Amino acid sequence: MQFFIDPYFPDTLDAVGDAGMAGFDEKRPLYFSGCKNFLAKYREEIKQLHHGGASGAEVTHLLSDMMDELHNRLFLSIVYDLGGGDSMLEHVSLVAVGGYGRGELNPFSDIDIMFLHDGILPATTVEDIAQKLLYFLWDMRLDVGYSVRKIADCVEMAATDATVKTALMDARFLSGSRPLFATLTKVIFGQILPKSSDSFIKEKIADMKNRREKYGSTVYLLEPNLKEGEGGLRDLQTAIWVARVKYKFLDLRELIIKGILDDEELDVYRAALDYLWRIRNELHYFSGRKNDQLTFDAQVHLAGFLGYQGNGRVLAVEDFMRDYYRQANKVEHFTSSLISRCIWRDEGALKILGYFVRRPVGDGCFVLKGELIVPDESIVEKDPTIMMKMFELAQKHGVDFNVRVKGIIRRNLALINDKFRRSREVNQSFLNILRSTKGVAATLRLMHHLEFLNRFIPELEHIYCKVQHDMYHIYTVDIHTLFAVEQTEKMLSGELKETMPLPCAIASQIGKPELLLLAVLFHDIGKGSGGGHAEKGASMIPTIARRMGLSREGSERLEFLVRQHLQFAHISQRRDLNDEKMIAQFARQMGTSENLKMLYLLTVADVRAVGSDVWTTWKASLFQELYEKAFSILDRGGFQLEASSERVTAMIKKVTDLLENDYQVAQIRQELKAMPVRLLLSNPAPLIAEQVRLLLGLEQSDIQTRLTHQKESGNSEYTICAHDMPALFSRITGVMAANGINILGAQINTSKNGKVLDILQVNSPQGNLVTDVARWDKIEQDMRQAIHGEVQVSTLVAKRKRPTLLTARPAPRFATKVDIDNEVSEEYTVIDILTHDKVGLLYLITSTLAEMGLYIGVSKISTKVDQVADVFYVRDIFSQKIVDPDKLGEICSKLITAIDEWV
């Protein structure tokens, strides 16, 4: 495409230099109109080319060419209109720098230009030229950055500012004095780049590290940053900057001539740029602004734009993102490989002294400069099993692979066949890696990065770059798995014993840590097959275990852990942990204490690996409660429960003894006998004594409350005691929502005498303790008014739901789901609700249940970022489970309608 700007300017403007003509300021409106029409026409034509399938490179270069035409015409017009003519142009150059200097512009990219002058023109003249052009471009709503410099300024600033040095590397002549720009180019390559090149390279590597810490230290974030994230455009640019400082080239093909890159690697670089540019172009067009974040809604749009189509098991967006991650992985490999070659500048000299400075570690491998090297690459072709040995040796000696060793692994992946996978030597080496006390996760990450792990265990290919399209998981399945391995390793080593004493103590008791690590590595292996991933993953284990040469016992335990890996989290967070029969059933399912210990540790690692905010002290306490109760049953060696009547009698005696000095014994015993049996059996005597005090206190005041802060678990326990009434729990949840209190769990206890004792575990929406006394006084006041009917709870909640000017972050949507279970509890019908979080949601659900005449006995609330999994144990007005199919259908229908219509 050629760009013609002249037709957009009136003919009179072509008479530049005519002394009788008006100046630039008088002509400015005509210039402005012409430039606006020019940009409108060609921007639309380029956009149509893009939508018609033009490559990323073609569009970025066309956009750059279009801006060149605009800038050059304006620059020359300004110079001539100032009366300078050709003589002035001999002393000033317009230079493109940064991305614009590389000729790489996306639809809404920043544009960086430099006004280069030789110091002969008055500084005010150069500033006048710069200001006239810049203000014109800014008025055109272009995002333009600029500098005005002499060559000496460039040298001085580049010496102290790596950003300036980087920008100058990409400098490109636009207009004005070519000799002046040629002098700058000589200075860049003769003075600026050679000066402090080592420190520049170190600074760029440090910048890259800092960038990854800010935007994500893995390629596999679910909402990656296309430019700044690992495997993005900035990584490619950094690699080329470092190489240019090191090898002083103008054309990339010089790197091939110098033997730094080969043709295939250069093709990888260009293909990666083109791929990322095409995505970035569409991301800009879709957003209508500069944008580099691949948000969930942008991903869905891009998948459709690029022609991806879903099938029954995989969404189009998941296929698109999987390809994106694979491409990002190639970018990361290219970047690290090229930068490593630039750092190893002394390697040629070291080869001469190789045998004197390198240390042999066996199997043809050596350690040199903190890296594993393999001088004779042919040993892998002769014996492919050495590849696994390389990983074991690197782990044993605490070193990384040299970049050439990484290349050896990548080039020889085809040698990993069924014979390799069944090799006793290979599997023994792999298990040695897992048994090591250090570097397990790091070694598995390296295997994954080089795609060795997928070749060795092909079942892992199912989850390679597998996207989980929600806001709960922030990593792809494979990376989540590797993070879970890392968490497991930290528990096994005791690294986390200060913050997680129980898991670390249990981990120290594990007899075969390699089995636990394999279970963690395989726990989500069934996710790539769609639906029921625990069962599907478990069905793959016998084949894998046979191939690895595991014992029958090891294979069965591994299969058990993968099949049951969701159970521990499900029961601890969504079931009543005071239901002794359910706990006994869970313990029976575990079979042995070793199974329970491993499943507990697997679940802790799984949850902690999801994201930094997912593991909470509340979850930790629930996990610990389930573990200790189940372990106690297994430790007894039997599943028979002590007769509840005997335990109730014993508890009544203990509590009576604690209270007999303050109340009449008959009064105490009467209150205790009216209390629910499950409450008496699930709490210690001192706590029940405090609860009895509240119940007896209703004689003096019709509402009693008790607040205790539990700093170790990060939540507070709020107990409220009142006489039973319709929708009481709904009123309580409404007041809490109206006051910004987050309810984690609730136990609703109704005595036979009509008194209600509701116990709530609460914290702030940010997960912190709420200790502000004034805030709790306000809650107390609102609670009394709500229970007495002096205020409408719906009004309080509505105030909390005031609309905000802030736009909510787009999230992947899923349908509200309601499941009803009449098997898990003998006394209650259990309702599981999965939906998106909303202000006042718990109040909405509880009030809807109350309207249907249902009484809530236990409630457990679990929030996962944007998802809510609420569980309610309910009975009808006759204290019976709900079994009528029509009634059950009505409950589901009304709950879904109420939730979906709640805004």
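Start by selecting Y135, which has its place in helix 5, residues 123–139. The model on screen is a predicted one. Y135 has a relative accessible area of 47%, so it counts as partly exposed, between the limits of 20% and 50%.

Now zoom out to the whole protein chain. Its C-alpha atoms fill a box of roughly 110 × 75 × 50 Å along the principal axes. Of the 903 residues, 55% are buried. A surface display covers about 39,700 Å² of accessible area, 50% of which belongs to carbon and sulfur atoms. Where contacts join residues at least 6 apart in sequence, 71% of them are between residues at least 24 apart.

Next, select the aromatic side chains. The whole structure holds 23 aromatic pairs. One of them is F452 with F456: the ring centres are 6.4 Å apart and the planes meet at 20 degrees, so this pair is stacked. Both residues lie in helix 23, residues 452–456, where the four-residue spacing is about one turn of the helix. F452 is buried, with a relative accessible area of 0%, and F456 is buried as well, at 2%.

Keep F456 displayed and select R547. Which residues does R547 touch, leaving aside neighbours within four places in sequence? The contacts are D418, R421, R422, N427, F456, I457, P458 and E459, so F456 of the stacked pair is among them. R547 itself has its place in helix 27, residues 533–548. Is R547 buried or exposed? Its relative accessible area is 9%, which is under the 20% limit, so R547 is buried. Then pick K419, which is 128 residues away from R547 along the chain; their C-alpha atoms are separated by 9.7 Å.

For a further group of rings, select F568, F586, Y600, W615, F623, Y627 and F631, which ring pairs link into a cluster.

Finish with two places where a charged side chain meets a ring. Select K41 and Y42: K41 lies over the face of Y42, at 5.4 Å from the ring centre. Then select R172 and Y100, where the charged end of R172 sits over the ring of Y100, 5.3 Å from its centre.

Conventions: Residues numbered from 1 in each chain as written. Predicted model: local features only at pLDDT ≥ 70, side-chain atom pairs only at ≥ 80, totals over all residues. Heavy atoms only, no water. Helix = DSSP H or I, 4+ residues; strand = E, 2+ residues; numbered from the N terminus. Buried < 20%, exposed > 50% of the residue type's maximum accessible area, 1.4 Å probe, protein only. Contact = heavy atoms within 4.5 Å. Phe/Tyr/Trp six-rings, centres within 6.5 Å; stacked < 30°, edge-to-face > 60°. Lys NZ or Arg CZ within 6 Å of the ring centre and 35° of its normal. Areas by Shrake-Rupley, 256 points an atom, 1.4 Å probe, with all protein chains shown as cover.
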